[in-house]
Amino acid sequence: MEHAIYLVTLVGAALVVAAAFSSLIAFRFGAPLLLLFLCIGLATGTDGLGIQFDNARLAYFAGSLALAVILFDSGFGTPLNALRQAAGPALSLATIGVLLTTGLFGVVAYYLLDLSWLESFLLGAAVASTDAAAVFFLLRAGEINLRERVRSTLEVESGTNDPIAIFLTISLVEIIAANASPEARVLVTDLVLGFLLNMGLGAIVGIFGGLAIVRLVDRLNLDHGLLPIFVLTLSLMVFAAAGAIGGSGFLAVYIAGLIAGNSDIRAVTILKRFQDGMSWLAQIIMFLVLGLFATPSQFPAILLPAVLLGLFLIFVARPIAVWLCLMPFRLPRPEVAFVSWVGLRGAVSILLAITPLLGGLENGRLIFNTAFIVVLVSLVIQGWTVGPLARRLGLIVPARLGPLDKVELELPGSAHHELLAYRVAPGSPVARGERIPRWARPSLVLRDGRSMRFQDMGRLAAGDHVYIFVPDRYPALLDKLFASRAVVDPEDADFFGAFAVDPARSAAELEAAYAPGLTEEERKLTVGDLVTERLGGHAEYADRVLIGPIELIVRDVDDKGKITGLGLSLEPTAPVARVPVFLSAGEIADRVAGLVRNWRKRIKKQSAEAPDDAERSPQPVVERATDQG
């Protein structure tokens, strides 16, 4: 017995170490990390090194707990401004998008596999949600500097679409396991009512759970070593409580993390570091367990239809669902194309594919194996191409800041002040003599091993370490002051246009200089307001607006989202011409309006020319009549 404990511990620890080591390969070569984790699990499973693991309940239990930890961490790290910015598109994708993907995928699965209609839609529901872990790794750890709106949409979608897919999958499993054949109308009604109850209870428990976590952390004077464990345990209690009363535990734990992460919770820096490590461990455990549970020797029997389904999901189902969901939001076509491509399937889809086995369905193993192959196809094709596609679509923007060395230190006894330690970078604004704002209070400077008061140091020099007391949620202005200038690649040298334009200038001057064809109402606006209006009311760093022969590029915005810097390019880029993408509702409306305007101009022109023709045409007749007379 004792020997078995040592052996299991040794094998388990070795797998975790191998998975952690594989992350170096992922960072080095841009490989999707989830794919490496799954491959390690497959290589050590039944058809690899021979480790026998076929306990579906244990795999589902471990995967569910790991997913709860990941969702709490993703909610904790999502700022409210990102949620507000991406709430509409992301929630549309997380709800309607999941339903559309389930329906489209289920129809094709019915004709490619030997499954009933309900089983086909069950398979569609299992692979309908994107994987938060895979998306977060590719976007955050992959050093892909995307536009903020695109990044926020993908991250919020991947964090919120799991509960909907989980509800659909479990509901269909229960219906099939009960040998029920409900009418379509009854089935839709039951699913809608069950969905509202499940999501509603989950949201309520998540809100109160998040508030309770913040209150308990602030009230209880726990040791800093115990505090992160306490918060993690409370998040799992929120997850379990919501599920116990019939709500969505995954939605509850995500909302709880969102509330806790955006509050003035104590020791937020410590909590973030701990949860980041726990999230990595949860990902490794979940992916390894799911890889061990799979049996690759069963894959060849369904390989062809499963690969075809994976390709259909990538190239047809996901793009159609994204286009229909994002049509009302007037997003640029490159962004819609990128969102439709970065719909990576991962551990959540494999985890949900275990539920048919738990429900004892006849085709449970077929559904699991198909979902596993679909996930592998998605990771291989989409995971390797995210960076190149983002560059081709022009969605990667130059970094706003150069090298920045900063440490955040939380002060004991107060949740409203922080101590920041900056190292002055060569070429930074403070090294060139820029003053530090009054709301920031420098207290200590370290130079050449000596510590002195800030007031006695004179001008800061490169290499100095400065300790500054600031209120929490300090503006990003400090980072800009202590960072050196960002190094821009030669390819991006003209990214922000050849000329600078003052956003406060009148748009009428723009019309007079370049004749872009502005309307009378647009000429009364400032250039900054014109760009904001063309962007749908919200502008962000690196946004581009094509107006006739010129292109205006947002160079900078302030903390309130107001444009403070614009660039002008006389050679507009057209990345949308290189890939087939769908038009948004706004673009469709613009094109229809343009066709209507052109049609009206032609009608007016024809009406203006008609009287002249009428006056000229009778004249020859009169002359001929006169000659005959």
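In what order do the strands of the open sheet of four strands stand, and is their pairing parallel or antiparallel?

Analyst: The open sheet has the strand order β6-β9-β8-β7, and its pairing is antiparallel. Two strands are taken to pair if DSSP finds at least two bridges between them, while helices (H or I, at least four residues) and strands (E, at least two) are DSSP runs numbered from the N terminus. Because β6 (499–501) and β7 (544–547) each have a single partner strand, they stand at the edges, and one side of each is left without a neighbour in the sheet. With direction ignored, neighbouring strands of this sheet are turned by 30° against each other on average.

Residues are numbered from 1 along each chain as its sequence is written, and side-chain values use heavy atoms, with hydrogens and water left out.

Strands of a sheet pair through backbone hydrogen bonds, either parallel or antiparallel. Here, β6 is joined by three bridges to β9 (residues 563–569), and these two strands run antiparallel. Within that pairing, F499 has L568 of β9 as its bridge partner, and V501 has L566 of β9. β9 also pairs with β8 in the antiparallel sense, over six bridges, and on this side the bridge partner of E551 is S569 in β9. β9 is mostly covered, since six of its seven residues are buried, where buried means under 20% relative accessible area, exposed over 50%, and partly exposed in between (1.4 Å probe, protein chains only).

Helix α22 (residues 527–534) lies across β6, β7, β8 (550–557) and β9, and runs at about 85° to β9; axes are lines fitted to C-alpha atoms, for helices over the stretch in contact, and angles run from 0 to 180 degrees between N-to-C directions. Contact means heavy atoms within 4.5 Å.

A further helix to look at is α20 (residues 507–514), which holds E511. E511 counts as buried, at 14% relative accessibility. Leaving aside residues up to four places away in sequence, E511 touches P516, G517, L518 and R523; the C-alpha atoms of E511 and R523, twelve residues apart along the chain, are separated by 7.4 Å.

Among contacts between residues at least 6 apart in sequence, 74% join residues at least 24 apart. A nonpolar core is a set of buried Ala, Val, Leu, Ile, Met, Phe, Trp, Tyr and Cys residues joined through side-chain atoms within 4.5 Å. In the largest such core, of 135 residues, the members that touch the most others are L38, L123, I213, F338 and F372. A second, separate core of 18 residues includes L518, L535, V545 and I550.

The structure holds 14 aromatic pairs; rings of Phe, Tyr and Trp (its six-membered ring) pair if their centres lie within 6.5 Å, and planes under 30 degrees apart count as stacked, over 60 as edge-to-face and the rest as tilted. One of them is the tilted pair of F299 and F372, with 5.6 Å centre to centre and 35° between the planes. This pair links distant parts of the chain, as F299 is in the loop between α12 (268–293) and α13 (303–326) and F372 is in helix α17 (residues 364–383), 73 residues apart. F299 is buried at 9% relative accessibility, and F372 is buried at 0%. The rings of Y422 and F482 form a stacked pair, because their centres are 4.3 Å apart and their planes are at 10°.

Finally, the confidence of the prediction deserves attention. The mean pLDDT of the chain, the predictor's confidence in each residue from 0 to 100, is 81, and 83% of the residues reach 70 or more. Over residues 488–493, however, the pLDDT is below 50, and this stretch has two contacts in the model beyond near neighbours in sequence.

Terms used. This is a predicted model: local features need pLDDT of at least 70, side-chain atom pairs count only at pLDDT 80 or more; totals for chains, interfaces and linings use all residues.
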